Amino acid sequence: MQHLAARLRLRSVIRIAIPLVILVALGGCLMPPTPETTQGKDIFGLYTVVFIMGAIVFFAVEAAIVWAVIRYRRRDDRLPDQLHGNTFIEILWTAIPTVIVLVLFAISLTTLNQIDAKSTPAVTIEVDAFQWQWSFHYLDGDSNPSNDYIVTGTDAAPPVMGLPTGEPVKLILKSEDVIHSFFVPHFLIKRDVIPFPPGEQPNTLEFTIVNAGTYAGQCAEFCGTGHSRMLFSIQAMAPAAYQTWLASAKAGMTPAPSATPAPNETVVDLTAHNIAFDKSTLEVPAGQPFVIHFVNNDTIQHEVAIYDSSGKAVFTGRTITEGTVDYQVPALPAGTYRFQCDIHPQVMFGTLTAK
Amino acid sequence: MATTTLTPQVGSYRRSWILEWLTTVDHKKIGIMYIVNSFLFFFLAGILALAVRSELAVPGLQFLDDATYNQAFTMHGTIMIFLFVVPVLAGFANYIVPLQIGAPDMAFPRINALSFWLLPLGGGLILSGYLFGGAAAEGWTGYTPLSSAYSPGPGTDLWLIGLLLVGTASILGSINFIATIFKMRAPGMTFFRMPIFVWTVLVTATLILLATPVLAAGLIALFIDRNYGGSFFEPATGGNPILWQHIFWFFGHPEVYIVILPAMGVVSEVLPTFSRKPLFGYRAFVFATIAIGLLSFSVWAHHMFTTGVVFLPFFSFMTALIAVPTGVKMFNWIATMYRGSISFTTAMLFAVGFLAMFLIGGISGVMMAEAPVDFHLQDTYFAVAHLHYVFFGGAVMGVFAATYYWFPKMFGRRLNEKLGKVHFWLMLIGFNVTFFPMHILGIQGMPRRIADYSPTAGWTVWNFISTIGAFTIAISILPFLLNVVATFINGERVGDDPWEGNTLEWATSSPPPPYNFDRLPPVRSERPVFDLRHRHDRERLLGEAAMAAVEEHS
């Protein structure tokens, strides 16, 4: 008998516990990603309040529906009381949602003012969205773009935006073609990148990152065939590390190389000038990583990408404007490859042989 | 004195039934054609949805390329909204409204036929883009400048012209409904004795009349931009792409209520009938419907919170405010069932399904009405989940409730209840398995309208579940189709008033004669047929009361 009682108790515990666990898990799935900016934390707080209120309304009303449906199912042919209404209760249930809406509005307005608060930005970046990638232009305030760090993404290598933690960042969002949207889920915010007519100010987005880390982002406004490939990421680091990162990025070096370069690496030189490469053939050893020392003498963007015979990209370099970069190319199997500038593939190309 | 008998001459001259249907101006036949046409478009757009869901089941592009994918979701959205949910409910309104107000037909029968025939024409044009190098692929919202300078093909032009025709059909239909409801009500049917479904159709028609011309203007402006060097939306030449969003959503948000109000009307007919009680708070319900209609014109920019160019507090507040009249309706519906005597017919199940699912769409709507929350959720799968809980969990549940409820009126036969229940439960489960995970995906940050996503994004599991749900919905359609076919072959004949309805359509034969009514019962309340059915009860009650009074005095 004791066994049976224990089993019954266990069963009822399970009966309550399992749905509870499922509910909590589902509720957890319905919470946004960990917020990583001060503004994101404000939004997360507001979301939590709104979500809890929504959950209460959900359970209360669904319970009322289910209860009414089960309790008042038809049992006999008697006609129920023909109840037409009740003024008091109708006024009451007009007033309750009104109060909820007013309270939510007050809280959300407070949050809106918090996240819209402006401060002097430590870093200002012009974000250029285009079909279908991003270009980040670090503005240094000297109104000379030639010494600025600009990074433009490709499908194979989405751009990385290095940013300091703890300092206000301002993005100026510009588009030359269609509407895009700058969205970082971990910041809980997006803002549309709109091609405004001349004379109108572009949208801006300001935030302060709290924690170091890498946060994925992508375009959130449908912008055409390449929409799903408009990815980018944000690499947040301590201010000192950020300064080092920016200096090395400006110098055209691959940011923060994790491995030391092999001592006797092959280095091949390639120069772009007047929208042409200086060489039409390159030769590298097969099965060994090598470096392309790429010099761009033009004031427009170039890069180097390598394709195998089937047309698949095996390497895509970072785009640079008037500068130098050392591309670390992974080992290639023996064979003939095409190299080209993805921005000017018709005029800037050549053959790369690995043997 | 010689008596002349007038026999109705309808049907006295013969023509083939095809010609009869093609040239009919009878609101009942036109209503049925609306419904059949809409369901055909529903199945087509459903197949497109399956294509979209199949592509998203796992990362990578397996079935479609980017361009085909974009066309698929654009056509899915456009057809579902403009050629299914709006016209199917217009079809039920066409059939039911004249019957419910005791009228012989719509006010303008020929315009009625015209507004129907514009639909397959418009829909055909929209789809014909597939024959000319690809259908429109800018989403059903067609945002500029993507839909102007950056989409050169003829697909977008065909989309514009097709939508213009469909919009014209809506406008003509709305004028017809307003004239019919104002001028053709039976004697005794005052405004506050009209069935709630008629009220919702009246408010809907007013919304169409005020909102759709704005869309039409926008479509024409965009057509000029695309083909005649116009510059309404073209930033390079001084136009503003945001203007399109204002125009589109000034139409587009009332459009949501154009879809949901008649479905609410259906639910407000079905719940009282199967609870055997009057609708709780009839007047409050009417005022709530009007309030929703008015508010719907002050909330359009909540679709534009992330554009950075709209005044957030106003639109945020007005949007959340719509929750108040909507909440009133929800409570009235539940109070209608309270202390009722509820029978679970398939129509009732779909009506209760509407309550349970629309509630979720309403709550997620209030969440997104708070601008900062919307900064995160806008244009993610959360919005997709929200709009499907409103359009599918709301409107489509209402459409099926209407189908099961009024089928016996239209054809004199009742749809099979067992198959109906299989249909309901499969669809309810499939619906939630498809769309609930989309909330989670959106909160995690998955943008809408992407053809592909990274396997490392962590979205694979929920997408896969969602795709399983989509196929469950598709399977749930099979018992429905089987049911319709089987009922036509061998369905149960159930007489004129199988459900013990309350409103005038149940006072005539099933199907009704071409002129609708041989005689009309007196209209003394919003439930004339209920009064007729229970007139003896009342006499008995009055008699008993009188006897009691007499006994007291004696």
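## Burial and backbone in chain B

A residue counts as buried if 20 or more other C-beta atoms lie within 10 Å of its own. In this predicted model, B:Asp379 has 22 C-beta neighbours inside 10 Å and therefore counts as buried. B:Asp379 is placed in the loop that runs between helix 12 (371-377) and helix 13 (381-411) of chain B, and its phi is near 60°, a positive value in a residue other than glycine.

As background, most residues other than glycine have a negative phi, and most peptide bonds are trans.

## Cis peptide bonds in chain B

The peptide bond that joins B:Thr144 and B:Pro145 is cis, with omega of about -5°, and B:Pro145 is found in the loop between helix 4 (109-127) and helix 5 (154-183) of chain B. Another cis peptide bond joins B:Ser510 and B:Pro511, where omega is about -10°; B:Pro511 belongs to the loop between strand 2 (492-493) and helix 16 (528-533) of chain B.

## A helix pair in chain B

Helix 11 (residues 346-369) of chain B packs with helix 13 of chain B at an angle of about 160°, and the axes of the two helices are 8 Å apart. Angles over 145 degrees count as roughly antiparallel, so helix 11 of chain B is roughly antiparallel to helix 13 of chain B. The crossing of helix 11 and helix 13 of chain B is left-handed, and the contact between them has 18 nonpolar residues and nine polar residues, with no charged residues.

## Domains of chain A

The domain assignment divides chain A into domain 1 (14-75 + 85-116), domain 2 (123-250) and domain 3 (266-354). Between domain 2 and domain 3 of chain A, the C-alpha centres lie 26 Å apart, and seven residues of domain 2 are in contact with eight residues of domain 3. On the domain 2 side of this contact there are four nonpolar and three polar residues, while charged residues are absent.

## A buried strand residue in chain A

A:Ile234 is found in strand 10 (residues 231-237) of chain A, and because A:Ile234 has 22 C-beta neighbours inside 10 Å, this residue counts as buried. Leaving aside residues up to four places away in sequence, A:Ile234 touches A:Met161, A:Leu163, A:Val184, A:Tyr215 and A:Gly217. A:Pro195 is 39 residues apart from A:Ile234 along the chain, and the C-alpha atoms of these two residues are separated by 23 Å.

## The contact between the chains

Across the boundary between the two chains, 68 residues of chain A are in contact with 72 residues of chain B. On the side of chain A that touches chain B, at least two residues each are supplied by helix 2 (38-71), helix 3 (87-116), strand 6 (180-184) and strand 7 (189-193) of chain A. Helix 2 of chain A gives the most to this side, with 14 residues. Taken by class, the residues on the chain A side divide into 42 nonpolar, 16 polar and 10 charged.

Definitions and conventions:
Residues numbered from 1 in each chain as written. Chains lettered and ligands numbered in written order. Predicted model: local features only at pLDDT ≥ 70, side-chain atom pairs only at ≥ 80, totals over all residues. Helix = DSSP H or I, 4+ residues; strand = E, 2+ residues; numbered from the N terminus. Buried ≥ 20, exposed ≤ 12 C-beta atoms within 10 Å, placed from the backbone. Domains from an automatic or database assignment. Nonpolar A, V, L, I, M, F, W, Y, C, P; charged D, E, K, R; others polar. Axes fitted to C-alpha atoms, helices over the stretch in contact; angles between N-to-C directions. Parallel < 35°, antiparallel > 145°, perpendicular 65-115°, else oblique. Left-handed = near helix turned anticlockwise from the far one by under 90°.
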